[in-house]
Amino acid sequence: MIGGLFIYNHKGEVLISRVYRDDIGRNAVDAFRVNVIHARQQVRSPVTNIARTSFFHVKRSNIWLAAVTKQNVNAAMVFEFLYKMCDVMTAYFGKISEENIKNNFVLIYELLDEILDFGYPQNSETGALKTFITQQGIKSQHHTKEEQSQITSQVTGQIGWRREGIKYRRNELFLDVLESVNLLMSPQGQVLSAHVSGRVVMKSYLSGMPECKFGMNDKIVIDKQGKGGTTDDSGKSELGGSGKQSIAIDDCTFHQCVRLSKFDSERSISFIPPDGDYELMRYRTTKDIILPFRVIPLVREVGRTKLEVKVVIKSNFKPSLLAQKIEVRIPTPLNTSGVQVICMKGKAKYKASENAIVWKIKRMAGMKESQISAEIELLPTNDKKKWARPPISMNFEVPFAPSGLKVRYLKVFESKLNYSDHDVIKWVRYIGRSGIYETRC
Amino acid sequence: MPAVSKGDGMRGLAVFISDIRNCKSKEAEIKRINKELANIRSKFKGDKALDGYSKKKYVCKLLFIFLLGHDIDFGHMEAVNLLSSNKYTEKQIGYLFISVLVNSNSELIRLINNAIKNDLSSRNPTFMCLALHCIANVGSREMAEAFAGEIPRILVAGDTMDSVKQSAALCLLRLYKTSPDLVLMGEWTSRVVHLLNDQHMGVVTAAISLITCLSQKNPDEFKTCVSLAVSRLSRIVSSASTDLQDYTYYFVPAPWLSCKLLRLLQCYPPPEDGAVKGRLVECLETILNKAQEPPKSKKVQHSNAKNAILFEAISLIIHYDSEPNLLVRACNQLGQFLQHRETNLRYLALESMCTLASSEFSHEAVKTHIETVINALKTERDVSVRQRAADLLYAMCDRSNAKQIVAEMLSYLETADYSIREEMVLKVAILAEKYAVDYSWYVDTILNLIRIAGDYVSEEVWYRVIQIVINRDDVQGYAAKTVFEALQAPACHENMVKVGGYILGEFGNLIAGDPRSSPLVQFNLLHSKFHLCSVPTRALLLSAYIKFINLFPETKSTIQEVLRSDSQIRNSDVELQQRAVEYLKLSSIASTDVLATVLEEMPPFPERESSILAKLKKKKGPGAVSVNELEEGKREAGELNGGGERGGDSSAISTPSPSADLLGLRAGHPVTAAAPSAGSLLVDVFSETGFIHYGRLMLLIFLRTHERTITKPVPFLAVPACLSASHTLLSLALRFVCKNNGVLFENQLLQIGIKSEYRQNLGRIYLFYGNKTSVQFVTFTTTLNVQSKPVEPLIEGGAQVQQVINIECLTDFSDAPLLNIKFRYGGALQNLTLKLPVTINKFFQPTEMASHDFFQRWKQLSQPQQEAQKIFKASHAMDTEVLKAKLLGLGMALLENVDPNPENFVCAGVIQSKAQQVGSLLRLEPNAQAQMYRLTVRSSKDTVSKRLCELLAEQF
């Protein structure tokens, strides 16, 4: 289990140090600083083992969070906890920065006491935490004894993530499908690996204790309905929708509010939602991915002192949609001494500090193409090493889900209060972003 | 930001550095550096010419980036360009970059060398110095090749500036250290030596470093420097402190130069010229006198400088070791330092005194400080100083104060630091042995030693006690009694149990008269320790038990009971189990007479050099224990044990095995010489702790329940079979009469390949030991009555090791040398005896001769004993070509068209041995019908003819 948790600033100074177990000594704090933060070579592995002690770290802007243990723990659990902790902190005081951490010093210790006990992760649901850990310390005095005991019974009860007696004038519900698409493509355009990792993030403002049911175009569900539902439908793929009907989900995880037994038996996702922001599920797909962009590189070495690069990008989605924040990053050799760039669209610039040409396009509609060409001058060196040609990477944002996921329905039932599914205002949004989207050149 | 003067300050560099310093994270730093590198690359692109200032600035930045730990792969050319600049700062930066960044195999080295050459030949002293510094800093072989000839010329040229001379001397020193073969002084020698007379003290100081280094290599060529050094020294020593204005350091005139001069003099014996010697003695006296003067300053630098000279002077006095007066004075001076409050001084004083103690002139003087040194040992806070004190005590010990010193060291041992305990134990053991007047004291001391610091008592120490006890009748009883008493302590160290087991097993009868130490009491005492001991100790105890059966028949049943118990006879350790089984059998089968013979008391050990001393020698360099002292130690050790046959015939058995300890407890008994060849199979039988006399072991053969032989333990009844198996192995060697290379031996564990070359009377055999298993062989040793290089004691699974054996044929011989191979495979010891295929015919030199010459010789060798003839049946097909090949392989020249009958073969050759040359002629007459051969050999020596005939008869 987690033996201790440290937070450092960029210089390696300790901001927060919380030790849960005796086997973690003071020297562990320094060991991480010396071996990871101040290491000569940048440490890329998130897990570092120093003197039989394991350090798991994540970095948020300039802040290092490190969990320490001497035991053989489940590393995935530790990272899950660290990410959760980042979420909790963000929910409480916004951006994780040195200043914010210093300002919320007491709060963080209070949170750490609550979400970890003797190194074992506890309830880290922001909504629940906010009921009894508040930033206004004085306010807690106004709680009556009754209220306090109510909080206790609720937090430790069956539905720990939602308190009773929530009332809204307008019952509203926001649903975001956020996906990041990862790709590695060969210079000839062959897909070497591609996958989408997606999240369904919700924000709910619902009164009472509603019961929700979420439906999407999961292949298994659709197939089952095709078989058992409509009687004479032989072409079960024609289910009223257009284009791709169903997607194969490789694996998924759910928020604790989802009834897993129901999912296992009927594959239906039903839950009593927490109040406010939460992440309903995460999933991953690898089949039939819509690749929003195609990158076609052309690199030509002219002698020892010159390099010609031409890159074409093609957008591959409906012309009515607009991709945003497009950025193509073309690495340049380490002995580059000068660069001339010509591009038809957007802005391109040689960034010496990153050894790359960065080409930015604000917006681009579907089924379009654009190109950039660059002449790179090289300085002859005594090194005979050939340039390794790192891949060209790309960033973008598109308003659809590259995995093909579609929300079919989201039903809300509240039996005790007098509002029905139709009274709830629902918003759905799809955002596809690039993860590691690379093409070799 | 540092103050920047206009023009030279390189503002860009300062800005860049402060940017880097202000970076918040590593990534930011890398970004900034990448940006800067790209900027520099674009500047160096070459489309526009850069002025010297910007070139310097960018090269500086590159240097800074390199020093931050990033690779720099450009800019070398610009740095080289800077070398040809006329501005000092630009040149300096260029040289700096090159000495830091250019590796020796760069293509630019020629350009650089050219630039250096130009600077060396310029008249500008600062440029010359820069170039010299660069040569010295790079110091590569290429640099040495290019400039080794040039620099001595600069060094001795009359018109060179002093500062350049200084640099040249040090540069030359550096080149000499990296590639001594390229720096040839030759004609320059005398002129370099005369630099000692230079006006400029700096030049002298630099030159003396060079001379010291050179004279260590060729002392004779630089002999003249002694008188010059002495006169230089006396001038410095006798000068008033104001004379050498710039070179007076805290009132001490030229301390560095003085120290270096004294060190140079230590390379040479005392000067023969009386006048020079007188002057030197005078100098040394002055230095010693000055040490007595009150300090001129309270500053620590003053006393440091003074003491540095003093200690160098004392080392010189010790080095000369011929001036009793000076030695005693030095000793007294050091005695004062012993109580100085400066720890470093005390350390140095102890260290110097240690060497003084070994000089016969000052030994007595050193001894007067014994109380102080003992005090230092007890109270000193620094462990390194305590160690020096222990060294000094060891060095000053002699017969008169041995008891006191040993007692002090023993009492110190109880509190000593762990790091020096083992060494202390060895020292105590040696001193106790060396200066023992009575043996009971010796035994007491060593047993005390084991009691106090048992963990640090190495094998050698307790081997030595046992050796001495066995060799001295008068101490045996006392030893038995003391050991018995010592064993009664509730917890005693395993080494004590070993000594106890051995001594009681041998001499327990001497104290058995006392009812308190009756045989049964002794046995029970030993057996009570049995279960706490490691396997080797248990094995030794088992041997002690069987000896008890011999010494005290009344204990027989008790001991048999113990041996019979499951924990012994079914012990999981093979060695213990085997011993238990064998001893049980031995005690029940053998009659008392046999038992008494087998288990007789061990004979006295042949005298050797004390193994402890050897161990100490190994542990420390000669620094702490001077060589003549060791010599003395050996002499006294010999005296103590009164052994006349020192060395003995142990060398004949020459055990190159790493485990063969010098004490000879393991394998060194002179038995093999007398034992028959099969006996060598058994030599190792009890080698583990071996205190049953090997000579008697032949009697034991029939009792062995399982014998370890070539491959596997063979049951008892198979012993004769295994002996014959080894015999066939011996005959394998016959295959190699006519060939030199091949596989000598192979079984499922080991393959031995052989490759041999012979030239005249010399031969060289390469043996390849291949491990066919996947497990490593440990303690792999080979023994041979021919000298051989020791073989690797370990053979990894699947690996092969090689052994080279050099052979010289002294005279003719008939028996091939035997090779005995032992190794451990898994737990079991494997033993193998092979005959090396070295036969007399290997030393043949072929002789070509015409027909009539041959028959003339043939007739000359007509005496009956010179001829050997054999008629034998062919064992292989009679193929002419094969026969020819075999005869050629034999080493003789096959003579064609000599014999009138073309079917017959005749050969001629000369056997080369160191003593003589033996001409031999051979005639082989095959008879195809009868499948028979007639072989006739004639040679000038009868034994040779006979042997050759025997060898060849088995080949066809």
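Two strands pair if DSSP finds at least two bridges between them; strands (E, at least two residues) and helices (H or I, at least four residues) are DSSP runs, numbered from the N terminus. The exercises below apply these terms.

This is a predicted model, in which local features need pLDDT of at least 70 and side-chain atom pairs count only at pLDDT 80 or more, while totals for chains, interfaces and linings use all residues. Residues are numbered from 1 along each chain as its sequence is written, chains are lettered from A and ligands numbered from 1 in the order in which they are written, and side-chain values use heavy atoms, with hydrogens and water left out.

**Exercise 1.** Characterise the position of A:Asp113.

*Solution.* 
1. Helix α4 (residues 105–115) of chain A contains A:Asp113.
2. A:Asp113 counts as partly exposed because its relative accessibility is 43%; buried means under 20% relative accessible area, exposed over 50%, and partly exposed in between (1.4 Å probe, protein chains only).
3. Apart from neighbours within four places in sequence, A:Asp113 is in contact with A:Arg18 and A:Tyr20, where contact means heavy atoms within 4.5 Å.
4. A:Tyr20 lies 93 residues from A:Asp113 along the chain, yet their C-alpha atoms are separated by 9.3 Å.

**Exercise 2.** Describe the interface of chain A and chain B.

*Solution.* 
1. On the side of chain A, 21 residues are in contact with 18 residues of chain B.
2. The two chains bury about 1700 Å² between them, 47% of which comes from carbon and sulfur atoms; buried area is the accessible area (1.4 Å probe) that two parts lose on being put together, summed over both.
3. Three salt bridges are found across this interface, each defined as a side-chain nitrogen of Lys or Arg within 4 Å of a carboxyl oxygen of Asp or Glu.
4. A salt bridge links B:Lys45 with A:Glu377, whose closest N and O atoms are 3.8 Å apart.
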